[in-house]
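Here are some friendly notes to read alongside the model. Please keep the picture open while you go through them.

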Amino acid sequence: MVLWHTMLTPDNSVSLPLPLALLFWVIPLLLPLPGLVKGKPYTHAWFNFILMFYFLHGLTAIYTHPNEFWYAVTELLLTTGAFIGATGFARYQGRALGLGLKKQKKNNSDD
């Protein structure tokens, strides 16, 4: 993303300055990094909300910037892969740790 929006953009008049590109595209990914590295399933699940920002950007870029189509497709593929991976990890690691929603016990006195 940083390369795309700083150096690879064909029209340099709309390129972002490097500090701004880092702020928009890298900082959101660094926020959940400690929890991701520690393998916390809850962090992996919430990481998907951050990924949706990048997914929507890719979809929008395909429509609004046809000359940057392949950059946007690459962003969509990477975001989709990260989403599937984070969801799968959160699901299986959560099960392994016994996390999840507990089934509600049926109370017979209410019948």
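The numbered points below go from the whole chain to single residues.

1. Before you start, note that this is a predicted model, where local features need pLDDT of at least 70, side-chain atom pairs count only at pLDDT 80 or more, and totals for chains, interfaces and linings use all residues. Residues are numbered from 1 along each chain as its sequence is written, and side-chain values use heavy atoms, with hydrogens and water left out.

2. How many helices and strands are there in the protein? There are 6 helices and 0 strands, so defined because helices (H or I, at least four residues) and strands (E, at least two) are DSSP runs, numbered from the N terminus. Along the sequence the pattern reads α-α-α-α-α-α.

3. Of the 111 residues in the protein, 27% are buried (buried means under 20% relative accessible area, exposed over 50%, partly exposed in between, with a 1.4 Å probe and protein chains only). The accessible surface comes to about 8,200 Å², and carbon and sulfur atoms hold 70% of that surface (Shrake-Rupley method, 1.4 Å probe).

4. Take contacts between residues at least 6 apart in sequence: 56% of them join residues at least 24 apart. Contact here means heavy atoms within 4.5 Å.

5. Now look at helix α5 (residues 41-64) and helix α6 (residues 69-96), which pack at an angle of about 165° with their axes 8 Å apart. That makes α5 roughly antiparallel to α6 (angles under 35 degrees count as roughly parallel, over 145 as roughly antiparallel, 65 to 115 as roughly perpendicular and the rest as oblique). The axes are lines fitted to C-alpha atoms, for helices over the stretch in contact, and angles run from 0 to 180 degrees between N-to-C directions. By class, the contact of α5 with α6 has 19 nonpolar, 9 polar and 1 charged residues (Ala, Val, Leu, Ile, Met, Phe, Trp, Tyr, Cys and Pro count as nonpolar, Asp, Glu, Lys and Arg as charged, and the others, Gly among them, as polar).

6. Is His-44 buried or exposed? His-44 lies in helix α5 and is buried, with a relative accessible area of 11%. Leaving aside neighbours within four places in sequence, His-44 is in contact with residues including Gly-35, Ala-86 and Phe-89.

7. Tyr-42 also lies in helix α5, but Tyr-42 is exposed, at 62% relative accessible area. Tyr-42 and Gly-94 are 52 residues apart in sequence and 7.9 Å apart in space, C-alpha to C-alpha.

8. Finally, find Thr-6 in helix α1 (residues 2-8). Thr-6 is buried, with a relative accessible area of 15%.
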